[in-house]
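This briefing summarises the fold, the strand pairing, the charged contacts and the confidence of one protein model. Please read it alongside the sequence and coordinates shown below.

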Amino acid sequence: MRRWIRLLLTGLFTVGIAGATLAQTAKPTQEEAKAITLKAAELIAGKGLDAAAVSFNAEGEYKRGELYVNVVDFAGVWKVYPPRPAGVGQSVINVKDPDGRFVVQDVLAVAKGAGEGWVEYRWLNPATNKIEPKITYVKRVPGQDLVAYVGIYK
């Protein structure tokens, strides 16, 4: 009897670990990208860009796997870019995807127009090293000329 209980508990423990691992590696959804973007814009509006940037650059709520918060100003200058913090301060206004789309200009057009929405383009996925479709949720920071955005590969 003890042997069966031990086997059962071992099996449940193994399933629990596998489930937790699967949950951590699950592909992010558009809903997650949108929710993080909206929360990031609120954080910037409430605490300021410098305080928010600390959270955006740390592993956790705003940065995990392929999800991370980018912030640009209305001139197209990176204010936060977690994959390459050295890029902060650089103008990315003329950055194009492989199809020639001006990605940052599209992001700014949505932010300046509707204030928030989706932008689709193709981009190099560092996990696969392939050009893949990407969809990004964009949100203008209320009362500021800043834009927060988070994208996922489709």
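Which pattern does the protein chain follow when read along the sequence? The order is α-α-α-β-β-β-β-α-β-β-β, which comprises 4 helices and 7 strands. Helices (H or I, at least four residues) and strands (E, at least two) are DSSP runs, numbered from the N terminus. The model is predicted, so local features need pLDDT of at least 70 and side-chain atom pairs count only at pLDDT 80 or more, whereas totals for chains, interfaces and linings use all residues. Residues are numbered from 1 along each chain as its sequence is written, and side-chain values use heavy atoms, with hydrogens and water left out.

**Confidence**

- The protein chain has a mean pLDDT of 88, and 84% of its residues reach 70 or more; pLDDT is the predictor's confidence in each residue, from 0 to 100.
- Over residues 7-23, pLDDT stays under 50, and the model has 0 contacts beyond four places in sequence for this segment. A contact means heavy atoms within 4.5 Å.
- Where pLDDT is low, predicted coordinates should not be read in detail.

**Overall surface and contacts**

- Of the 154 residues in the protein chain, 38% are buried. Buried means under 20% relative accessible area, exposed means over 50%, and partly exposed lies in between (1.4 Å probe, protein chains only).
- The protein chain exposes about 9,000 Å², of which carbon and sulfur atoms supply 59%. Accessible areas come from the Shrake-Rupley method with a 1.4 Å probe, and for residues only the protein chains shown count as cover.
- Among contacts between residues at least 6 apart in sequence, 45% join residues at least 24 apart.

- Strand β7 spans residues 146-153, and it is largely enclosed by the rest of the structure because 8 of its 8 residues are buried.
- Leu 146, Ala 148, Val 150 and Ile 152 point one way from β7, while Val 147, Tyr 149, Gly 151 and Tyr 153 point the other way; all are buried.
- Strand β3 (residues 70-73) runs antiparallel to β7 and is joined to it by 4 bridges. Two strands pair if DSSP finds at least two bridges between them. Asn 70 has Tyr 149 in β7 as its bridge partner.
- β6 also pairs with β7 in the antiparallel sense, over 7 bridges; here Ile 135 has Ile 152 in β7 as its bridge partner.
- The hairpin of β6 and β7 has 5 residues between the strands, and Gly 143 in the turn has a positive phi of about 75 degrees.
- Glu 42 lies in helix α2 (residues 30-47) and counts as exposed because its relative accessibility is 56%.

- β5 and β6 run antiparallel and are joined by 10 bridges. Leu 124 stands opposite Ile 131 in β6.
- Asn 129 is located in the loop between β5 (116-125) and β6 (130-140), and the hairpin has 4 residues between the strands.
- Asn 129 has a positive phi of about 60 degrees although it is not a glycine. With a relative accessible area of 60%, Asn 129 is exposed.

**Salt bridges**

- The structure holds 10 salt bridges, each defined as a side-chain nitrogen of Lys or Arg within 4 Å of a carboxyl oxygen of Asp or Glu. Side chains of opposite charge can pair when their charged atoms come close.
- Lys 79 and Asp 73 form one of them at 3.7 Å, N to O. Lys 79 is partly exposed at 33% relative accessibility, whereas Asp 73 is buried at 15%.
- Arg 101 and Asp 106 form another, at 2.5 Å, N to O. Arg 101 is partly exposed at 36% relative accessibility, and Asp 106 is partly exposed with a relative accessible area of 24%.
- Arg 140 and Asp 145 also form a salt bridge, with their closest N and O atoms 2.8 Å apart. Arg 140 is partly exposed at 28% relative accessibility, and Asp 145 is partly exposed at 45%.
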